[in-house]
Amino acid sequence: MAEFSHVNTRGEASMVDVSGKAASVREARAEGYVTMSAETLEAIIAGEHHKGDVFGVARIAGIQAAKQTSQLIPLCHPLMLSKVAVEFEIDQENSRVRIESLCKLTGQTGVEMEALTAVSVAALTLFDMCKAVDPSMTIDGIRVLEKIGGKTGHWSSEK
């Protein structure tokens, strides 16, 4: 079993020193779901939500969040992201929205936390924009789908 990278030899929390790592292209994808009433989902799809472009606001929130991950997660390195994308897929049958993020850079450490943060904040933004009409929404299934690059190479949850 691999050791925890953010714990020093005394068992204390510690930021990982990545200065000796080679820079490489790194990429991560994550997903999450917001389940809501059929009426709420229909209002979003039809563009009839009283707060406006729900997906547009949630997309920008997710992108901004990815860029601020090191401010939110104490031991994350500040990263110069070269790409952040947040996409939404409507699943009417299950009355939910699937959110997928992609984060990419050339650097010395991975971008999984940035991808997870983008999905999480996009989901929270959807919840915030719709909570007045649908307070019973749920957020779940947030996970890393894939990571590419670095010493460990390619990993996918779909393998």
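The following legends describe close-up views of a predicted model.

**View 1. Packing of helix α2 against helix α4.**
Helix α2 (residues 54–67) packs on α4 at an angle of about 145 degrees, and the two axes lie 7 Å apart. The crossing of α2 with α4 is right-handed. On the α2 side, the contact is made by V54, F55, V57, A58, A61, G62, A65 and A66. On the α4 side, the contributing residues are E114, T117, A118, V121, A122, T125, L126, M129 and C130. By class, the residues of this contact comprise 13 nonpolar, three polar and one charged.

Buried positions in α2 are V54, F55, G56, A58, A61, G62, A65 and A66. The elements covering these buried residues include α1 (38–45), α3 (69–72), β2, β3 and α4.

**View 2. Helix α4.**
Helix α4 (residues 112–130) contains 19 residues. From first to last C-alpha, α4 reaches 27 Å, close to the 27 Å expected at 1.5 Å a residue. The buried residues of α4 are E114, A115, L116, T117, A118, V119, A122, A123, T125, L126, M129 and C130.

**View 3. The hairpin of strands β2 and β3.**
Nine bridges pair strand β2 (residues 83–91) with strand β3 (residues 96–107) in the antiparallel sense. Within this pairing, I90 has V97 in β3 as its bridge partner. Four residues lie between the strands of the hairpin, and S95 adopts a positive phi near 50 degrees.

**View 4. Pairing of strands β1 and β4.**
Strand β1 (residues 24–35) and strand β4 (residues 138–148) run antiparallel and are joined by eight bridges. A30 stands opposite V144 of β4. In a regular strand, side chains alternate between the two faces of the sheet.

**View 5. The hairpin of strands β4 and β5.**
Strand β5 (residues 155–156) pairs with β4 in the antiparallel sense over two bridges. The bridge partner of E146 in β5 is S156. Six residues separate β4 from β5 in this hairpin, and G149 in the turn has a positive phi of about 105 degrees.

Technical notes: Residues are numbered from 1 along each chain as its sequence is written. This is a predicted model: local features need pLDDT of at least 70, side-chain atom pairs count only at pLDDT 80 or more; totals for chains, interfaces and linings use all residues. Side-chain values use heavy atoms; hydrogens and water are left out. The expected span of a helix is 1.5 Å times one less than its number of residues. Buried means under 20% relative accessible area, exposed over 50%, partly exposed in between (1.4 Å probe, protein chains only). Two strands pair if DSSP finds at least two bridges between them. Axes are lines fitted to C-alpha atoms, for helices over the stretch in contact, and angles run from 0 to 180 degrees between N-to-C directions. A crossing is left-handed if the near helix is turned anticlockwise from the far one by less than a right angle, and right-handed if clockwise. Contact means heavy atoms within 4.5 Å. Ala, Val, Leu, Ile, Met, Phe, Trp, Tyr, Cys and Pro count as nonpolar, Asp, Glu, Lys and Arg as charged, and the others, Gly among them, as polar.
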